[in-house]
Amino acid sequence: MKLPGNPKVRIGICVFAFFALVALVGPYVVQNLMGLSPSDVHTADAMQGPSGAHPLGTTATGEDVLAQLVVGSRVSLLVGLVAGLVTTALSVLVGVAGGYLGGRADSVLTVLTNICLVIPGMPLLIIIASYVQGRGGWLTVALIIGLTAWPWGARQKRAQTLSLRHRDFVTAAEMTGESRWGVITRELIPSLAPIISVSFLGAVVGSMFADAGLSFIGLGNINITSWGSMLYWAQNGSALTRGAWWWFVPPGACIAVIGVAAGLINFGIDEISNPRLRKPPKKVRDRAEAAKLRRRTEERAEPATAPKAQEATS
Amino acid sequence: MAVPVINPAGAADAAPAPDGRRAGRAARLRSVRYIVRRLGFYACAAWIAVTLNFLIPRLMPGDPASALIAQMQQKQALSGDQVASIYRLFGTPGEPLWNQYVTYLGQVAHFDFGISVAYYPTPVWEVIRTGLPWTIGLVGLTAILSFLIGTAAGVVSGSRVGSRFDSVVTPASMFLGSLPYFWVALLLVMAFGVQLGWLPIGGGYDGDLVPSFSGPFLASVVSHGILPALTMVVSSLGGWLVGMRNMMVTTVSEDYVLLARAKGLSKGRVMFQYAARNAVLPSVAGFALTIGTVVSGQLLVEIVFAYPGVGYLLYQAVSSVDYPLMQALFLNVSLSVLAANFLADSVYGLIDPRARETRS
C-alpha cells in the first residue's frame, strides 16, 4: 500500500502504526526485557519521580508507571478497535441503506439517526455502564460505546450515498438484476471505502476517548490496567495535589497524541480533496517572497524612482 | 448598498412588489410550519429519552428495584409510599410492562424521581435542582464564547490561508481540540491551581461563604468558574475555527466578494460583512448538534473540578450506586439538551430562510 503524499496524513498514519506496535510487542519488552511490572506493589518506592529504575516514576503504591502505560495501551487500543468496528458497521448499515433505499425506509432511518444524535451520549453511556457494573470486562464496554456512537457516521454516509445513488454504475448494476442488498454490498460500500476507513479511524479515537472518560469516573473495568484506569487511580490517589505529574500526564498524553494524529489525518484529507485549503506550495511562496524582496531593495536603492517602480509592478 | 441576499423568500420580503403582503404572509407561514416541525421532532426525541429511561433498568439482569430497596433499608426504614415509588420507577416484577409504563409516565410527569441514596433522604428532584443552574450557566456561557471566538478566528485565518496567523492559530487550536476535555482540566488544575496557586482547584464557590447575591460570593463564583470555563472554551474552540476557515476559503472566491473588494471596501468589512455572513451558516446549523457533545464533555470536566453541577452529581450517583439519582439526571440532562437544541434550531430557521424551505 502506498502512503499518501500529504505530510499530515503521513505523520498521522505513522503515529497510529507506532502505537499499534507498542500494544503488540511493548508489554513483552517492558516486562521481560526491562524487568518492570505494572502491578508489583513496592511501598518503599511509592510516588517516586522519574528515575533510572523507573523511567516514568511510580504510583502511590509503587507500581511502575511506564509498565502500566505500555501494558495499558493494549486494552485501550482493543476497546477502541472493537467499539470502532461496531460503530462503523452500524453507521454503514443505517447510512448506506437509508441513502440507497430512499422513500419511507430512509425517512424512518433518518429520524432515528437524528434522534440518537441529539440524545447526549455520555450520560447514556454512564447509566448503562453503571448497571452493567464491569460484567463482561472490556468487551462489554466496547460494545456499549459502539452502540451509542454510530449516528454521526450514519449521517455522513447517508449524504455520501445520496451523491452516488444515481451514478451510472449503480443504475447498471440494477439493470443487470442485482438485488438491493447486492448493490449495497458490491457497488456502494466498495466505492465508499475511503470515507468508511477515515470514519473508522475517527470512531476508534472517539471510542478510546469515551473509554478513558468512563474509566476515569470509575466505570468500566478499573482493575484492568488501561490508560483510563490509570487516570482514575491517579485522580483517586490525589496525584494532582501531591504534584505527581508523571502519574497522570503520560496516559492522557498518549490519548492526546492519538487524538492529534486522527485530527491530522482528517485535516490532511480535507486538503487533498480541497486544494484551496492548502498552503501555497513552497515554490510559489518563494517566488512571492523574492519579488517582495526585490521590490524593497529597488526602493531602497533608488528612493526617488520608487513610486514609479511600484506603479509598474502593481 | 445591500449585502447580497441569497434567499428568494427574503428578497420577496424586502421587495415592495404589488403582492408583497401575500409573499410576507407565506414566508411567515413557512416559519411557523418550520418551528412546528422541529417541535414535533424534539417531542419525539424527548419521548424516546423517557422511554429509554424506563427500559434500561428493566432490561438489566436481576431486579434493580428490590436491590435498591434493600440498600436503602440498611440506612433507614422506608415508608410504604417510598417503596411503592421505587417499584414504579425501577420495575415491579411480574407486572405487565405496559401497565408499568403508564404508571411510570404519571410519576415522571409529577417530577417524582424517588429518593436519592447518596443524599439520603432528600428527594432526587431537590438534589438535581441544586445542580442544574451551575451546569446550564457554565455550558451556556462557554458554548457561546467558544463559538464566537472560534468563528471570528476562523474568519481571519480563512480569509488568507497560509498567513502567519493561519499557520500558527489553526494547528494550535486543532491540537487543543484533539485533547480529551478532562485531561485538559487536569493539566490546568495542576498548573494554575496547584503549582502557581492563582486559582482555586475545585468547587463552585468558597465553602466559608453562604450563597447569596453579595459581592464576595459572586467574586468567588467567578474565580472558581475561570478554570472550568477555560477548559471548555480551549477544547471546543478548534472545531468552530476549522469549520469556519474551510467555509471562508470557498466563500472568498465568490463573485460578490470580488465585487465588494473591487468597490474598494476595507478588508475587514469585506471579510466580516460580506464573506463571513454567508460562510457562518453551516456553523450555526451545526451548533445545535454539538450541544450534546459539549454537555457530555462538561460532565467530566465538572468531576475534575468538583464543580457543583449535574456532572459532579452524576459522579456522586455513580460512586454510591445511586440509581434513582443517576436515572433522573440522565432524563433531565437529555431533556435540557433537547430544549437547547430546539432553541438553536429556531434561531437558525430565523436567520437562514433556506432551512425553512427544505423538509427535515
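Predicted model: local features only at pLDDT ≥ 70, side-chain atom pairs only at ≥ 80, totals over all residues.
1. Let's start with how α2(A) and α3(A) cross: the crossing is left-handed, a label used if the near helix is turned anticlockwise from the far one by less than a right angle (right-handed if clockwise). Residues are numbered from 1 along each chain as its sequence is written, while chains are lettered from A and ligands numbered from 1 in the order in which they are written.

2. Two packed helices are described by the angle between their axes and the distance between the axes. Helix α2 (residues 65-101) of chain A packs against α3(A) at an angle of about 145 degrees, with the axes 7 Å apart. Axes here are lines fitted to C-alpha atoms, for helices over the stretch in contact, and angles run from 0 to 180 degrees between N-to-C directions. From α2(A), the contact uses A:Val94, A:Ala97, A:Gly98, A:Gly99 and A:Leu101; α3(A) brings A:Gly103, A:Ala105, A:Asp106, A:Leu109, A:Thr110 and A:Thr113. Contact is when two residues have their C-beta atoms, placed from the backbone, within 7 Å. The residues of this contact split into five nonpolar, five polar and one charged. For those classes, Ala, Val, Leu, Ile, Met, Phe, Trp, Tyr, Cys and Pro count as nonpolar, Asp, Glu, Lys and Arg as charged, and the others, Gly among them, as polar.

3. Now α3(A) on its own. With 16 residues (103-118) at 1.5 Å a residue, helix α3 of chain A should span 22 Å, and its end C-alpha atoms are 23 Å apart, which agrees. The expected span is 1.5 Å times one less than the number of residues. A:Thr113, A:Cys116, A:Leu117 and A:Val118 of α3(A) are buried. Buried means 20 or more other C-beta atoms within 10 Å of a residue's own, exposed means 12 or fewer, and partly exposed is in between, with C-beta atoms placed from the backbone.

4. On to chain B, which has 15 helices and zero strands. Helices (H or I, at least four residues) and strands (E, at least two) are DSSP runs, numbered from the N terminus. The C-alpha trace of chain B spans about 80 × 60 × 40 Å along its principal axes, and 41% of its 360 residues count as buried.

5. Chain B is divided into domain 1 (34-110) and domain 2 (124-356), with bounds from an automatic or database domain assignment. Their C-alpha centres lie 32 Å apart, and 15 residues of domain 1 are in contact with 15 residues of domain 2. On the domain 1 side, α2(B) gives the largest share, eleven residues. That side divides into 13 nonpolar, one polar and one charged.

6. Where the chains meet, 45 residues of chain B are in contact with 39 residues of chain A. The largest share of chain B's side, nine residues, comes from α14(B). That side holds 33 nonpolar residues, twelve polar and no charged.

7. Two loop residues are worth a look. B:Ala306 sits in the loop between α12 and α13 of chain B, and its phi is near 50 degrees, a positive value in a residue other than glycine. B:Ala306 is partly exposed, having 14 other C-beta atoms within 10 Å. B:Tyr120, in the loop between α5 (97-109) and α6 (124-159) of chain B, counts as partly exposed because it has 13 C-beta neighbours inside 10 Å.
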